[in-house]
Amino acid sequence: MERIRAIVERISPEKVWMYRKEDTKWTILQFCDASGRKFTGKGTVEFTPKHGDPMQLEGDWKESTFAGSMGRVEFIFKSAMLDIPTDPRALLHYACTITKGIGSVKETEIWELYGPGWVEIENLDVKGISETTQWAWGDTLRRLKEQNLQTQAMAFLLSKGCSMNMANAAYGRWKENTVSLVMENCYQLTDLPHYGFGHVDESIRVAFGIGDNDPRRVQAAIMYVLGQITDHGDTVAMWADVGARVAGMIPGAVKQVDAAVGELVRQEKLV
């Protein structure tokens, strides 16, 4: 697959996506690349993109098969994440680009006046900046803070072996609490749509220091099994059925089920 960088373009003053399926987050967006060329991108975006957001996309170029755009080349991406610059000067350029009312001249003035500390300045003491622009600047700083939390969470999860799509899904659900929740129990990732016990147990749990015989592994398997059972409407599970399913997921775990269930009851996670 090819990895590209692009900027999200709005299609109207209040809208960036051409189409978005809320249940799956499958989205059609318009992008602009570094050369200024606009193109359509299609794929799953777990978070809500905004105009001007720099994105890193991974996928392939393909010809559209839809009527009205037949033959047009589109980028079909398998993963998408924010690509926020970390250098203070480059970040200022991005901030000024997405802030209505601040152009290249004011950008230079802000850098000369505040230097790398500009990110802490909510009220700019720059001549010619209107009250409306000041408000937009404050909104940009809030947006940068949120994006910084997202990029940090994404980097953390990717370093632990999560796929980009899983990391996006995690941040889409837990926002600023993502890192703390996953640090507390990485098996919480099994609660994400389209992911199960195996996705976490295969390698991610090792990155969090959970070995083969760790009690947390069996506890997570029990909770996952019970989740599958109750998804079908049941509220009571047969003890033998739970033990058999857990043993099928973790060889030799049947001897640990009693103690694991006891601990989950003590923690009031089970009755």
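In this predicted model, Ile222 touches Val242, Val246, Val257, Ala260, Val261, Leu264 and Leu270, when residues up to four places away in sequence are not counted. Ile222 is also, together with Leu189, Leu192 and Val246, among the residues with the most contacts inside the largest nonpolar core, which has 38 residues. The largest share, seven residues, comes from H7. A second, separate core of 31 residues includes Ile4, Phe39, Val45 and Leu91.

In general, two packed helices are described by the angle between their axes and the distance between the axes. For helix H3 (residues 131-159) and helix H4 (residues 164-174), the axes come within 9 Å and cross at roughly 135°. An angle over 145 degrees would count as roughly antiparallel and one of 65 to 115 as roughly perpendicular, and H3 and H4 are therefore oblique to each other. The crossing of H3 and H4 is right-handed.

At the level of individual residues, the H3 side of this contact consists of Glu146, Leu149, Gln150, Ala153, Met154, Leu157 and Leu158, which meet Met164, Ala167, Asn168, Ala170 and Tyr171 in H4.

Notes:
Residues are numbered from 1 along each chain as its sequence is written. This is a predicted model: local features need pLDDT of at least 70, side-chain atom pairs count only at pLDDT 80 or more; totals for chains, interfaces and linings use all residues. Side-chain values use heavy atoms; hydrogens and water are left out. Axes are lines fitted to C-alpha atoms, for helices over the stretch in contact, and angles run from 0 to 180 degrees between N-to-C directions. Helices (H or I, at least four residues) and strands (E, at least two) are DSSP runs, numbered from the N terminus. Angles under 35 degrees count as roughly parallel, over 145 as roughly antiparallel, 65 to 115 as roughly perpendicular and the rest as oblique. A crossing is left-handed if the near helix is turned anticlockwise from the far one by less than a right angle, and right-handed if clockwise. Contact means heavy atoms within 4.5 Å. A nonpolar core is a set of buried Ala, Val, Leu, Ile, Met, Phe, Trp, Tyr and Cys residues joined through side-chain atoms within 4.5 Å. Buried means under 20% relative accessible area, exposed over 50%, partly exposed in between (1.4 Å probe, protein chains only).
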